[in-house]
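Welcome, and please take a look at the model below. We will walk through it together, from the overall layout down to single residues.

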Amino acid sequence: MTTRDDTFPVQVGALQLGGGAPVRVQAMTNTDSADTTATAAQIQALAEAGAELARITVNTPAAAMAVPEIVARVRDAGCDAPIIGDFHYNGHILLRDYPQCAAALDKYRINPGNVGKGAVRDKRFAAICAIARDNDKAVRIGVNAGSLDSELVETRLAENANAPSPTPAETVLNACMIYSALHAVEQAVSLGVSENRIVLSCKTSRPNDLVALYRELAGRTRQPLHLGLTEAGMGMKGLVWSAAAMSILLEAGIGDTIRVSLTPEPGGNRCEEVYAAQEVLQALELRQFTPEVVSCPGCGRTASDAFQRLASETKQHIRARLPQWREQYEGVETLKVAVMGCVVNGPGESKAANIGISLPGNNEKPRCPVYADGVKIATLHGVEHAVKKAFLELIESYIATRYQKKQA
Ligand code: SF4
(Lines give C-alpha, C1' and ligand atoms only; values in the text may rest on other atoms or scores of the structure.)
Protein backbone atom coordinates (compact mmCIF):
# COMPACT_ATOMS: atom_id res chain seq x y z
CA MET A 1 0.00 0.00 0.00
CA THR A 2 1.54 3.32 -1.03
CA THR A 3 0.33 6.88 -1.31
CA ARG A 4 -0.28 8.21 -4.80
CA ASP A 5 3.13 9.31 -5.97
CA ASP A 6 1.77 11.17 -8.99
CA THR A 7 0.75 14.11 -6.81
CA PHE A 8 2.67 17.37 -7.00
CA PRO A 9 5.20 17.67 -4.18
CA VAL A 10 4.10 20.68 -2.14
CA GLN A 11 6.65 22.21 0.19
CA VAL A 12 5.10 23.61 3.36
CA GLY A 13 7.81 25.14 5.48
CA ALA A 14 10.38 22.38 5.99
CA LEU A 15 7.91 19.62 5.15
CA GLN A 16 6.86 18.05 1.85
CA LEU A 17 3.26 17.03 1.28
CA GLY A 18 2.43 14.70 -1.57
CA GLY A 19 4.82 13.61 -4.31
CA GLY A 20 5.32 10.27 -2.55
CA ALA A 21 6.07 11.77 0.89
CA PRO A 22 4.68 9.90 3.92
CA VAL A 23 1.13 10.76 4.96
CA ARG A 24 1.51 13.65 7.41
CA VAL A 25 -0.35 14.18 10.67
CA GLN A 26 -1.99 17.53 11.08
CA ALA A 27 -3.76 19.15 14.03
CA MET A 28 -5.47 22.41 14.83
CA THR A 29 -5.35 24.56 17.94
CA ASN A 30 -8.49 25.63 19.79
CA THR A 31 -7.00 28.55 21.66
CA ASP A 32 -7.81 32.17 20.88
CA SER A 33 -4.97 33.03 18.50
CA ALA A 34 -4.85 36.56 19.93
CA ASP A 35 -3.57 34.82 23.07
CA THR A 36 0.04 34.42 22.01
CA THR A 37 1.17 32.46 25.03
CA ALA A 38 -1.66 29.92 25.01
CA THR A 39 -1.50 29.38 21.25
CA ALA A 40 2.28 28.99 21.10
CA ALA A 41 2.09 26.54 24.00
CA GLN A 42 -0.64 24.50 22.35
CA ILE A 43 1.21 24.33 19.03
CA GLN A 44 4.24 23.02 20.89
CA ALA A 45 2.12 20.48 22.78
CA LEU A 46 0.54 19.25 19.56
CA ALA A 47 3.94 19.01 17.88
CA GLU A 48 5.43 17.15 20.83
CA ALA A 49 2.47 14.74 20.65
CA GLY A 50 3.36 14.14 16.99
CA ALA A 51 1.55 16.75 14.90
CA GLU A 52 3.73 17.47 11.89
CA LEU A 53 1.72 20.53 10.86
CA ALA A 54 -0.30 22.84 13.11
CA ARG A 55 -3.17 25.06 11.99
CA ILE A 56 -4.33 28.11 13.87
CA THR A 57 -7.41 30.29 13.47
CA VAL A 58 -6.68 33.75 12.09
CA ASN A 59 -10.00 35.53 12.32
CA THR A 60 -9.40 39.01 13.77
CA PRO A 61 -6.84 41.81 13.55
CA ALA A 62 -5.65 40.87 17.06
CA ALA A 63 -5.08 37.27 15.94
CA ALA A 64 -3.27 38.38 12.78
CA MET A 65 -1.09 40.71 14.83
CA ALA A 66 -0.22 37.88 17.23
CA VAL A 67 0.86 35.45 14.48
CA PRO A 68 4.49 36.62 14.05
CA GLU A 69 5.12 36.39 17.78
CA ILE A 70 3.43 32.97 18.01
CA VAL A 71 5.62 31.65 15.20
CA ALA A 72 8.76 33.20 16.74
CA ARG A 73 8.07 31.62 20.13
CA VAL A 74 7.42 28.21 18.62
CA ARG A 75 10.60 28.37 16.55
CA ASP A 76 12.63 29.63 19.54
CA ALA A 77 11.43 26.58 21.44
CA GLY A 78 13.00 24.39 18.74
CA CYS A 79 9.75 23.35 17.04
CA ASP A 80 9.84 23.51 13.23
CA ALA A 81 6.33 22.19 12.50
CA PRO A 82 4.84 24.28 9.69
CA ILE A 83 2.17 26.68 10.97
CA ILE A 84 -0.91 27.21 8.87
CA GLY A 85 -3.34 30.11 9.12
CA ASP A 86 -7.02 29.24 8.86
CA PHE A 87 -8.84 32.09 7.11
CA HIS A 88 -12.54 32.58 6.53
CA TYR A 89 -14.54 35.64 5.42
CA ASN A 90 -11.84 38.26 6.02
CA GLY A 91 -8.60 36.50 5.02
CA HIS A 92 -8.10 38.92 2.10
CA ILE A 93 -8.18 41.85 4.55
CA LEU A 94 -6.09 40.33 7.32
CA LEU A 95 -3.38 39.06 5.00
CA ARG A 96 -3.25 42.44 3.25
CA ASP A 97 -3.28 44.56 6.42
CA TYR A 98 -0.86 42.38 8.39
CA PRO A 99 1.95 41.49 5.98
CA GLN A 100 4.10 40.17 8.82
CA CYS A 101 1.35 37.64 9.53
CA ALA A 102 1.33 36.67 5.85
CA ALA A 103 5.11 36.30 5.90
CA ALA A 104 5.29 34.34 9.16
CA LEU A 105 2.78 31.61 8.22
CA ASP A 106 3.86 28.60 6.17
CA LYS A 107 0.51 28.03 4.50
CA TYR A 108 -2.89 29.68 4.19
CA ARG A 109 -6.12 27.73 4.32
CA ILE A 110 -8.72 29.31 2.04
CA ASN A 111 -12.36 28.24 1.95
CA PRO A 112 -13.73 29.27 -1.44
CA GLY A 113 -17.27 28.91 -0.07
CA ASN A 114 -17.06 31.84 2.29
CA VAL A 115 -14.97 34.58 0.80
CA GLY A 116 -18.03 36.29 -0.65
CA LYS A 117 -20.34 35.88 -3.61
CA GLY A 118 -20.00 36.26 -7.37
CA ALA A 119 -17.52 38.86 -8.58
CA VAL A 120 -16.72 39.90 -4.99
CA ARG A 121 -15.71 36.34 -4.17
CA ASP A 122 -13.47 36.13 -7.21
CA LYS A 123 -11.80 39.41 -6.27
CA ARG A 124 -11.19 38.37 -2.66
CA PHE A 125 -10.02 34.91 -3.65
CA ALA A 126 -7.65 36.50 -6.15
CA ALA A 127 -6.32 38.85 -3.44
CA ILE A 128 -5.44 35.92 -1.14
CA CYS A 129 -3.85 33.98 -4.01
CA ALA A 130 -1.76 37.02 -4.95
CA ILE A 131 -0.46 37.33 -1.38
CA ALA A 132 0.36 33.61 -1.31
CA ARG A 133 2.10 33.88 -4.68
CA ASP A 134 4.09 36.96 -3.70
CA ASN A 135 5.14 35.43 -0.38
CA ASP A 136 5.84 32.07 -2.02
CA LYS A 137 3.51 30.31 0.41
CA ALA A 138 1.50 27.15 0.05
CA VAL A 139 -2.28 27.27 0.22
CA ARG A 140 -4.91 24.71 1.03
CA ILE A 141 -8.09 25.17 -0.90
CA GLY A 142 -10.46 23.67 1.61
CA VAL A 143 -14.02 23.09 0.46
CA ASN A 144 -16.38 22.10 3.23
CA ALA A 145 -19.92 20.70 2.94
CA GLY A 146 -21.05 23.06 5.70
CA SER A 147 -19.89 26.20 3.91
CA LEU A 148 -20.37 25.40 0.27
CA ASP A 149 -20.85 28.25 -2.22
CA SER A 150 -24.61 28.91 -1.79
CA GLU A 151 -25.09 30.40 -5.28
CA LEU A 152 -23.55 27.35 -6.89
CA VAL A 153 -25.70 25.01 -4.78
CA GLU A 154 -28.95 26.88 -5.53
CA THR A 155 -28.25 26.93 -9.26
CA ARG A 156 -27.33 23.26 -9.45
CA LEU A 157 -30.29 22.17 -7.28
CA ALA A 158 -32.67 24.16 -9.46
CA GLU A 159 -31.18 22.61 -12.63
CA ASN A 160 -31.49 19.19 -11.06
CA ALA A 161 -35.11 19.76 -10.04
CA ASN A 162 -35.98 20.66 -13.64
CA ALA A 163 -34.09 17.73 -15.13
CA PRO A 164 -36.09 14.82 -16.65
CA SER A 165 -34.68 12.41 -14.01
CA PRO A 166 -33.46 14.38 -10.98
CA THR A 167 -30.67 12.82 -8.91
CA PRO A 168 -30.72 12.81 -5.08
CA ALA A 169 -29.85 16.21 -3.56
CA GLU A 170 -26.83 14.64 -1.87
CA THR A 171 -25.37 13.70 -5.27
CA VAL A 172 -25.86 17.27 -6.47
CA LEU A 173 -24.15 18.65 -3.34
CA ASN A 174 -21.19 16.31 -3.79
CA ALA A 175 -20.85 17.38 -7.41
CA CYS A 176 -20.90 21.02 -6.25
CA MET A 177 -18.09 20.30 -3.81
CA ILE A 178 -15.93 18.69 -6.47
CA TYR A 179 -16.65 21.51 -8.93
CA SER A 180 -15.92 24.17 -6.31
CA ALA A 181 -12.60 22.54 -5.33
CA LEU A 182 -11.33 21.97 -8.87
CA HIS A 183 -12.53 25.34 -10.11
CA ALA A 184 -10.75 27.09 -7.22
CA VAL A 185 -7.53 25.25 -8.09
CA GLU A 186 -7.84 26.40 -11.71
CA GLN A 187 -8.41 29.96 -10.55
CA ALA A 188 -5.44 29.87 -8.17
CA VAL A 189 -3.14 28.50 -10.89
CA SER A 190 -4.34 31.12 -13.37
CA LEU A 191 -3.53 33.76 -10.74
CA GLY A 192 0.05 32.60 -10.56
CA VAL A 193 0.01 30.18 -7.62
CA SER A 194 2.21 27.25 -8.58
CA GLU A 195 0.67 23.77 -8.69
CA ASN A 196 3.53 22.88 -6.34
CA ARG A 197 1.97 25.19 -3.79
CA ILE A 198 -1.63 23.93 -3.66
CA VAL A 199 -3.12 21.31 -1.36
CA LEU A 200 -6.79 20.43 -1.76
CA SER A 201 -9.54 19.18 0.52
CA CYS A 202 -13.24 18.46 0.18
CA LYS A 203 -14.56 17.60 3.60
CA THR A 204 -17.92 16.37 4.73
CA SER A 205 -19.18 14.81 7.95
CA ARG A 206 -20.71 11.77 6.21
CA PRO A 207 -18.23 8.88 5.76
CA ASN A 208 -19.78 7.43 2.59
CA ASP A 209 -19.82 10.83 0.95
CA LEU A 210 -16.24 11.49 2.02
CA VAL A 211 -15.13 8.26 0.39
CA ALA A 212 -16.99 9.06 -2.84
CA LEU A 213 -15.70 12.65 -2.93
CA TYR A 214 -12.06 11.76 -2.41
CA ARG A 215 -12.15 8.87 -4.85
CA GLU A 216 -13.39 11.25 -7.49
CA LEU A 217 -10.94 14.00 -6.54
CA ALA A 218 -8.02 11.58 -6.62
CA GLY A 219 -8.91 10.70 -10.19
CA ARG A 220 -9.23 14.30 -11.29
CA THR A 221 -6.39 16.21 -9.67
CA ARG A 222 -2.71 15.85 -8.94
CA GLN A 223 -2.82 18.24 -6.01
CA PRO A 224 -1.96 16.55 -2.69
CA LEU A 225 -5.09 15.86 -0.69
CA HIS A 226 -5.74 16.88 2.89
CA LEU A 227 -8.04 14.17 4.21
CA GLY A 228 -10.37 14.19 7.17
CA LEU A 229 -13.96 13.67 8.18
CA THR A 230 -15.05 17.13 9.20
CA GLU A 231 -17.06 17.63 12.38
CA ALA A 232 -16.36 14.01 13.28
CA GLY A 233 -17.91 14.42 16.72
CA MET A 234 -16.97 13.38 20.22
CA GLY A 235 -15.27 10.36 21.70
CA MET A 236 -15.91 6.96 20.26
CA LYS A 237 -18.19 8.18 17.47
CA GLY A 238 -15.62 10.66 16.22
CA LEU A 239 -12.83 8.11 16.37
CA VAL A 240 -14.67 5.26 14.72
CA TRP A 241 -16.31 7.33 11.98
CA SER A 242 -13.03 9.04 11.14
CA ALA A 243 -11.11 5.77 11.05
CA ALA A 244 -13.83 4.01 9.03
CA ALA A 245 -13.91 6.72 6.36
CA MET A 246 -10.23 7.51 6.17
CA SER A 247 -9.03 3.91 6.20
CA ILE A 248 -10.86 3.05 2.99
CA LEU A 249 -9.19 5.98 1.25
CA LEU A 250 -5.74 5.61 2.79
CA GLU A 251 -5.76 1.94 1.88
CA ALA A 252 -6.26 3.05 -1.73
CA GLY A 253 -3.34 5.47 -1.44
CA ILE A 254 -5.61 8.53 -1.24
CA GLY A 255 -4.67 11.21 1.29
CA ASP A 256 -1.36 13.00 1.78
CA THR A 257 -2.06 14.63 5.13
CA ILE A 258 -4.78 13.78 7.62
CA ARG A 259 -6.55 15.39 10.51
CA VAL A 260 -8.97 13.70 12.90
CA SER A 261 -11.46 16.45 13.74
CA LEU A 262 -12.56 15.27 17.18
CA THR A 263 -14.70 17.40 19.44
CA PRO A 264 -12.77 17.33 22.71
CA GLU A 265 -14.48 16.67 26.01
CA PRO A 266 -14.75 19.90 28.04
CA GLY A 267 -11.26 20.43 29.46
CA GLY A 268 -10.03 17.47 27.38
CA ASN A 269 -6.63 17.04 25.84
CA ARG A 270 -6.37 18.56 22.35
CA CYS A 271 -3.53 16.14 21.59
CA GLU A 272 -6.07 13.29 21.39
CA GLU A 273 -6.66 14.18 17.73
CA VAL A 274 -2.94 13.72 17.07
CA TYR A 275 -2.84 10.33 18.78
CA ALA A 276 -5.95 9.28 16.84
CA ALA A 277 -4.39 10.24 13.49
CA GLN A 278 -1.21 8.39 14.38
CA GLU A 279 -3.17 5.28 15.37
CA VAL A 280 -5.02 5.27 12.04
CA LEU A 281 -1.78 5.48 10.07
CA GLN A 282 -0.04 2.96 12.30
CA ALA A 283 -2.94 0.49 12.13
CA LEU A 284 -2.68 0.59 8.33
CA GLU A 285 1.11 0.20 8.58
CA LEU A 286 1.61 3.45 6.68
CA ARG A 287 3.65 5.05 9.46
CA GLN A 288 5.17 3.92 12.75
CA PHE A 289 4.97 6.50 15.51
CA THR A 290 4.81 4.77 18.84
CA PRO A 291 5.31 1.40 20.50
CA GLU A 292 2.23 -0.76 20.37
CA VAL A 293 0.55 -2.22 23.44
CA VAL A 294 -1.38 -5.41 22.70
CA SER A 295 -3.91 -6.25 25.38
CA CYS A 296 -6.82 -8.64 25.51
CA PRO A 297 -10.38 -7.48 26.17
CA GLY A 298 -10.70 -9.52 29.36
CA CYS A 299 -13.53 -11.98 29.96
CA GLY A 300 -15.01 -14.24 32.64
CA ARG A 301 -11.50 -15.56 33.33
CA THR A 302 -10.24 -12.21 34.63
CA ALA A 303 -10.78 -12.01 38.36
CA SER A 304 -10.13 -8.30 38.66
CA ASP A 305 -9.42 -5.26 36.55
CA ALA A 306 -5.72 -5.39 37.50
CA PHE A 307 -4.67 -6.28 33.97
CA GLN A 308 -6.75 -3.41 32.57
CA ARG A 309 -4.94 -1.02 34.90
CA LEU A 310 -1.58 -2.49 33.96
CA ALA A 311 -2.36 -2.16 30.24
CA SER A 312 -3.45 1.45 30.72
CA GLU A 313 -0.48 2.38 32.90
CA THR A 314 1.93 0.71 30.48
CA LYS A 315 0.45 2.78 27.65
CA GLN A 316 0.76 5.96 29.74
CA HIS A 317 4.35 5.13 30.67
CA ILE A 318 5.26 4.60 27.01
CA ARG A 319 3.63 7.86 25.98
CA ALA A 320 5.45 9.78 28.71
CA ARG A 321 8.83 8.20 28.03
CA LEU A 322 8.70 8.09 24.23
CA PRO A 323 10.12 11.58 23.53
CA GLN A 324 13.24 10.68 25.52
CA TRP A 325 13.49 7.16 24.10
CA ARG A 326 13.25 8.61 20.58
CA GLU A 327 16.23 10.83 21.26
CA GLN A 328 18.25 7.93 22.66
CA TYR A 329 17.38 4.80 20.69
CA GLU A 330 17.08 3.96 17.00
CA GLY A 331 13.74 2.46 15.98
CA VAL A 332 12.20 2.33 19.45
CA GLU A 333 8.82 3.19 17.85
CA THR A 334 8.63 -0.41 16.61
CA LEU A 335 8.53 -1.89 20.13
CA LYS A 336 5.59 -4.23 20.71
CA VAL A 337 4.44 -4.85 24.30
CA ALA A 338 1.75 -7.30 25.40
CA VAL A 339 -0.33 -7.12 28.58
CA MET A 340 -2.63 -10.10 28.80
CA GLY A 341 -5.31 -11.25 31.25
CA CYS A 342 -4.87 -15.02 31.63
CA VAL A 343 -3.07 -18.15 30.57
CA VAL A 344 -5.33 -18.87 27.57
CA ASN A 345 -3.76 -16.37 25.20
CA GLY A 346 -1.40 -14.60 27.61
CA PRO A 347 1.84 -16.52 27.13
CA GLY A 348 1.29 -16.84 23.37
CA GLU A 349 0.73 -13.13 22.77
CA SER A 350 3.51 -12.25 25.23
CA LYS A 351 5.97 -14.45 23.37
CA ALA A 352 4.94 -12.90 20.05
CA ALA A 353 5.59 -9.38 21.39
CA ASN A 354 9.04 -7.94 22.05
CA ILE A 355 8.17 -8.02 25.72
CA GLY A 356 4.96 -9.22 27.31
CA ILE A 357 3.36 -10.16 30.58
CA SER A 358 0.61 -12.66 31.25
CA LEU A 359 -1.41 -11.90 34.38
CA PRO A 360 -3.20 -14.64 36.27
CA GLY A 361 -6.88 -15.20 35.54
CA ASN A 362 -9.43 -16.86 37.84
CA ASN A 363 -8.10 -19.90 39.69
CA GLU A 364 -4.57 -19.45 38.35
CA LYS A 365 -1.55 -19.25 40.60
CA PRO A 366 -0.79 -15.61 41.49
CA ARG A 367 2.24 -15.19 39.30
CA CYS A 368 2.95 -13.20 36.18
CA PRO A 369 5.44 -14.61 33.69
CA VAL A 370 7.24 -12.03 31.55
CA TYR A 371 8.61 -12.92 28.13
CA ALA A 372 11.16 -11.07 26.02
CA ASP A 373 11.65 -12.10 22.40
CA GLY A 374 9.74 -15.31 23.11
CA VAL A 375 11.79 -16.36 26.15
CA LYS A 376 10.62 -16.22 29.77
CA ILE A 377 12.87 -13.72 31.53
CA ALA A 378 11.08 -13.29 34.87
CA THR A 379 8.10 -14.28 36.95
CA LEU A 380 6.62 -11.40 38.91
CA HIS A 381 4.68 -11.84 42.16
CA GLY A 382 3.28 -9.65 44.84
CA VAL A 383 0.96 -6.70 45.06
CA GLU A 384 -0.28 -4.98 41.95
CA HIS A 385 1.88 -1.90 42.45
CA ALA A 386 5.07 -3.94 42.74
CA VAL A 387 4.24 -5.96 39.62
CA LYS A 388 3.63 -2.78 37.64
CA LYS A 389 6.89 -1.22 38.84
CA ALA A 390 8.88 -4.34 38.02
CA PHE A 391 7.27 -4.73 34.57
CA LEU A 392 7.93 -1.11 33.61
CA GLU A 393 11.55 -1.53 34.72
CA LEU A 394 11.84 -4.64 32.55
CA ILE A 395 10.52 -2.63 29.57
CA GLU A 396 13.11 0.06 30.25
CA SER A 397 15.93 -2.43 30.46
CA TYR A 398 14.69 -4.26 27.33
CA ILE A 399 14.86 -1.01 25.37
CA ALA A 400 18.29 -0.13 26.77
CA THR A 401 19.73 -3.48 25.73
CA ARG A 402 17.89 -4.21 22.45
CA TYR A 403 17.82 -0.85 20.66
CA GLN A 404 20.92 0.78 19.32
CA LYS A 405 21.92 4.01 21.02
CA LYS A 406 21.84 7.05 18.76
CA GLN A 407 25.05 8.97 18.28
CA ALA A 408 25.12 12.11 20.43
S1 SF4 B 1 -6.41 -13.85 27.31
FE2 SF4 B 1 -7.63 -14.82 28.90
S3 SF4 B 1 -8.55 -13.11 30.02
FE4 SF4 B 1 -7.86 -12.29 28.08
S5 SF4 B 1 -9.69 -12.45 26.80
FE6 SF4 B 1 -8.44 -14.27 26.42
S7 SF4 B 1 -9.30 -15.81 27.77
FE8 SF4 B 1 -10.05 -13.83 28.51
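What share of the contacts in the chain with a separation of 6 or more comes from residues 24 or more positions apart? In this predicted model, such pairs account for 66% of those contacts.

**Overall layout**

The chain has 408 residues, of which 41% are buried. Its secondary structure consists of 13 helices and 17 strands. Taken along the principal axes, the C-alpha atoms fill a box of roughly 75 × 55 × 40 Å. Two domains divide the chain: domain 1 covers 10–283 and domain 2 covers 292–400. Their C-alpha centres are 40 Å apart.

Eight strands form an open sheet with parallel pairing, in the order S8-S7-S6-S5-S4-S3-S11-S9. At its edges are S8 (198–203) and S9 (226–227), each pairing on one side only. Inside this order, S4 and S5 are joined in the parallel sense by four bridges, and Thr57 stands opposite Asp86 of S5.

Helix H1, residues 36–49, has 14 residues. From first to last C-alpha H1 reaches 20 Å, close to the 20 Å expected at 1.5 Å a residue. Its buried residues are Thr36, Thr39, Ala40, Gln42, Ile43, Leu46, Ala47 and Ala49. An α-helix has 3.6 residues a turn, so residues three or four places apart point the same way. The cover over the buried residues of H1 includes the strands S3 (24–28), S4 (53–57) and S5 (83–87), together with the helices H2 (61–76) and H10 (272–283).

**A loop residue, Asp80**

Where does Asp80 lie? Asp80 is in the loop between H2 and S5. Asp80 counts as partly exposed because it has 13 C-beta neighbours inside 10 Å. Leaving aside residues up to four places away in sequence, Asp80 touches Gly13, Ala14 and Arg75. Asp80 and Gln44 are 36 residues apart in sequence, and their C-alpha atoms are 9.5 Å apart in space.

**Strand S16 and its partners**

Now move along to strand S16, residues 368–372. Why is S16 described as largely enclosed by the rest of the structure? Four of its five residues are buried, so the strand is largely enclosed. S16 pairs in the antiparallel sense with S15 (residues 355–358) over three bridges, and Gly356 has Tyr371 of S16 as its bridge partner. S16 also runs antiparallel to S17 (residues 375–380), to which five bridges join it. Here Cys368 stands opposite Leu380 of S17. The hairpin of S16 and S17 has two residues between the strands, and Asp373 takes a positive phi near 50 degrees.

| Pair | Sense | Bridges |
|---|---|---|
| S4 and S5 | parallel | four bridges |
| S15 and S16 | antiparallel | three bridges |
| S16 and S17 | antiparallel | five bridges |

Strands of a sheet pair through backbone hydrogen bonds, either parallel or antiparallel.

**Around the ligand**

Finally, which residues are closest to the ligand? They are Cys296, Cys299, Gly341, Cys342 and Val344, out of 13 residues that surround the ligand. Sorted by class, this shell has six nonpolar residues, six polar residues and one charged residue.

Conventions
Residues are numbered from 1 along each chain as its sequence is written. This is a predicted model: local features need pLDDT of at least 70, side-chain atom pairs count only at pLDDT 80 or more; totals for chains, interfaces and linings use all residues. A residue is buried if 20 or more other C-beta atoms lie within 10 Å of its own, exposed if 12 or fewer, and partly exposed in between; C-beta atoms are placed from the backbone. Two residues are in contact if their C-beta atoms, placed from the backbone, lie within 7 Å. The expected span of a helix is 1.5 Å times one less than its number of residues. A residue is near a molecule or strand if its C-beta atom, placed from the backbone, lies within 6 Å of it. Ala, Val, Leu, Ile, Met, Phe, Trp, Tyr, Cys and Pro count as nonpolar, Asp, Glu, Lys and Arg as charged, and the others, Gly among them, as polar. Domain bounds come from an automatic or database domain assignment. Two strands pair if DSSP finds at least two bridges between them.
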